[in-house]
Amino acid sequence: MTTQTLQTTSFLTDFRSMSTFGATPGGGVDRQAATSADGQTRNWFRGLVEGHGFEVRYDQVGNQFALLELVPGAPYIAIGSHLDSQPLGGRFDGAYGVLAGAHAAIRVASLLTSEPQFNIAVINWFNEEGCRFKPSMMGSSVFTGKIPAEQVLATTDPSGTSVREALEAIGTIGDFSLDVAAYLEIHIEQGRSLEDDGLTIGLVESTWGANKYEFVVHGEQAHTGATLIADRQDALLGASALVVAAREVADDYSTDEHMVITSCGEFNVFPNSPVVVASRVNLLVDVRSTDAAVLAAADAELHRRVSLIEQRFNVRISQGASHIWASKAYDAAGLALAASCASALGLPHGVVRTLAGHDSTNMKDIVPTIMLFVPSAEGISHNEREFTSDADMLAGVDLLTEVVSRVVAGEFVQP
Ligand code: GLV
Ligand code: MN
Ligand code: MN
């Protein structure tokens, strides 16, 4: 076998091994943050990279750092993504990027042609998905100083287990810290634009803005049959109206140039019993757009609708935690470097924006960052049927390897 064939085989073999952790009958994975399936995947990853000479460390919120020293004492560039998943999620979201980062680093170390200027850290960020513990992008939010570590460690899941307890239970918490000079991430697109345009690589130029809110609709528990309509304070009715209002805001505020996307992803009814009018509903609503002004207008309308729903349905709606990020550009020089690497490898590429949040959404706010996409079949994601072909995954690893080798040589940032 040639070196290239060996590398190709080993990436795909490793990807298939990784996908067995938390595997679901429908072909996906369920590896919510700091569950035993997440812990098993983290341990498997540790074993894999230690076998290639990396040292593995954990920081105070369970971010996993795989360190490959090329030049003792030199600063680090980081490549990262996440191994956790949504419940019944796909095999590719996040996990592809962590494994691609490790393979790119291994290849760069074995093919070094000039004196490297940087060491490499491959980072598996803790809890990117934000399902068991909220908010999403938790580990990278602490790393970038957006959320205090103590707040994250005290955050509990629905059964009352804290992040600290869950991380201690899977043994992936420490006190390591690292400064990085630049950040690189590769991820599946989770949309359909690359496939529609016949492209293999997306060079991510900017993020959409996103405003995510936890709302609580408060009503009054009552008998569903015996309570007159006029006397009801039905939290479920108010929450349902809010879900519909969110969709109407997307329909009414999208323009030809700037789309608005809204959704309710989580909805919990209390006490959720057959003959009981709900006393409370907790729900999560998010509003996203490419344009800050359009997003602000849609957001204001959503909040106006909240007040109208309170009056119309005789409920009270309070707003809990929010998680907000702005529509913002990635580093232009990084985009140009990635484009030049894709051209050199003959990979069809184009510029895209990311609707979804990623750890790079946080990282780009503190260090020069490059974000790359490979196609998602039919744009399906957060679904067991999520799929990216072997050929596209391998093309992404080739591109990432080329980008990492040029970044390590000092072509993006200076040591
Ligand atoms: C990620 O956290 C997202 O909401 O896109
Ligand atoms: Mn992801
Ligand atoms: Mn995801």
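In this predicted model, the protein chain is built from 12 helices and 14 strands. The radius of gyration is 23 Å, which agrees with the value near 22 Å that a compact globule of 415 residues would have. Along the principal axes, the C-alpha atoms fill a box of roughly 80 × 50 × 40 Å.

The way the chain is packed can be followed through its contacts and its surface. Of the 415 residues, 55% count as buried. Among contacts between residues at least 6 apart in sequence, 79% join residues at least 24 apart. The accessible surface comes to about 16900 Å², and carbon and sulfur atoms account for 51% of that area. As for charge, the chain carries 26 positive and 50 negative side chains, with the centres of the two sets 4 Å apart.

Attention now turns to the metal ions.

The manganese ion (ligand 3) is held by D93 (OD), by E129 through two listed OE contacts, and by H382 (NE2), at 2.0 to 2.5 Å. Here the donor residues follow the spacing D-x35-E-x252-H. D93 lies in the loop between β3 and α3, while H382 lies in the loop between β14 (369-374) and α12 (390-408), so this pair ties together parts of the chain that are 289 residues apart in sequence. H382 counts as partly exposed, because its relative accessibility is 43%, between the 20% and 50% limits of that class.

Which residue connects the two ions? D93 bridges the manganese ion (ligand 2) and the manganese ion (ligand 3), and the ions lie 3.6 Å apart.

Methods. Residues are numbered from 1 along each chain as its sequence is written. Chains are lettered from A and ligands numbered from 1 in the order in which they are written. This is a predicted model: local features need pLDDT of at least 70, side-chain atom pairs count only at pLDDT 80 or more; totals for chains, interfaces and linings use all residues. Side-chain values use heavy atoms; hydrogens and water are left out. Donors are N, O and S atoms within 2.8 Å of the metal (3.2 Å for Na, K and Ca); water is not among the atoms, so sites may look incomplete. Helices (H or I, at least four residues) and strands (E, at least two) are DSSP runs, numbered from the N terminus. The radius of gyration is taken over C-alpha atoms; the globule rule is 2.2 Å times the number of residues to the power 0.38. Buried means under 20% relative accessible area, exposed over 50%, partly exposed in between (1.4 Å probe, protein chains only). Contact means heavy atoms within 4.5 Å. Accessible areas come from the Shrake-Rupley method with a 1.4 Å probe; for residues, only the protein chains shown count as cover. Lys and Arg count as positive and Asp and Glu as negative; His and the chain ends are not counted. The place of a charge is taken as NZ of Lys, CZ of Arg, CG of Asp or CD of Glu.
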